[in-house]
Amino acid sequence: MSKPIDVEYTYSDKTIVIAGSVMGYLYSQRQLEPSTHERGGLLFGKEIKPYSIKINHVISIKPKKSSPTFRETDLKEEKKQIKNEEKKGFHLMGFWHTHPEKSPSPSPLDQDNTTKIFTNSDHDMPLLAVIIVGEKNIDDFFIGVVSEKGIMKAKRRR
Ligand SMILES: [Zn+2]
């Protein structure tokens, strides 16, 4: 695969830019074997703006429990890593995980969990992104925006 380029997605008046290096990392984390467990982690960036975010840093978090179709987030570990990244000047910009699907979309559990995190956590982000990494190409990954209503699918702009 050639070096991935920055991609841009929009939902309503919001814009999400994802650095090519982040897309490249996520591509490398795809679940390609039936035995591969779901993977996931956090997305970070440096600038906080009300209507747009740029994600240029990504980390994996070891889950509490996982299977090929399930992953329980380790909230304590997540909190620790968010603090760690904040020391380096990075702000939480969203969440990512894998699905063993060609065109992934959020499960009812994803909708539930993400909405809970958005409403309950003390993040200062006006906008958070969700990326679900599928089995195929970057173009088929699910990119969404988290709101009180749940995860809303964003559209590719470039
Ligand atoms: Zn999921």
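Visitor: Which residues touch the most other members of the largest nonpolar core?

Guide: In this predicted model, Leu43, Ile55, Ala129 and Ile131 touch the most other members of that core, which has 31 residues. Two or more residues come from each of several elements, among them strand S1 (7–11), helix H1 (20–28), strand S3 (40–45) and strand S9 (128–133), and S9 gives the most, with six residues.

Visitor: What is isoleucine 131 in contact with, leaving aside its neighbours within four places in sequence?

Guide: Contact requires C-beta atoms within 7 Å, and on that criterion isoleucine 131 is in contact with Leu26, Leu43, Gly94, Trp96, Phe141, Phe142 and Ile143.

Visitor: Why does the span of helix H2 agree with its 13 residues?

Guide: At 1.5 Å a residue, helix H2 (residues 75–87) should span 18 Å, and its end C-alpha atoms are 19 Å apart, so the two values agree.

Visitor: What makes H2 count as hardly covered?

Guide: A residue is buried if 20 or more other C-beta atoms lie within 10 Å of its own, and the count of such buried residues among the 13 of H2 is zero, so H2 is called hardly covered. Just after H2, glycine 89 takes a positive phi of about 90 degrees.

Visitor: Why are S4 and strand S12 said to stand at the edges of their sheet?

Guide: The open sheet has four strands in the order S4-S2-S1-S12, with mixed pairing; S4 and strand S12 (155–156) each have a single partner strand, so one side of each is left without a neighbour in the sheet.

Visitor: How do you know that S2 and S4 pair?

Guide: Pairing needs at least two bridges, and four bridges join S2 to S4, which run parallel, so the two strands pair. In S4, isoleucine 53 is the bridge partner of isoleucine 16.

Methods: Residues numbered from 1 in each chain as written. Predicted model: local features only at pLDDT ≥ 70, side-chain atom pairs only at ≥ 80, totals over all residues. Core = buried A, V, L, I, M, F, W, Y, C linked by C-beta atoms within 7 Å. Buried ≥ 20, exposed ≤ 12 C-beta atoms within 10 Å, placed from the backbone. Contact = placed C-beta atoms within 7 Å. Expected span 1.5 Å × (residues − 1).
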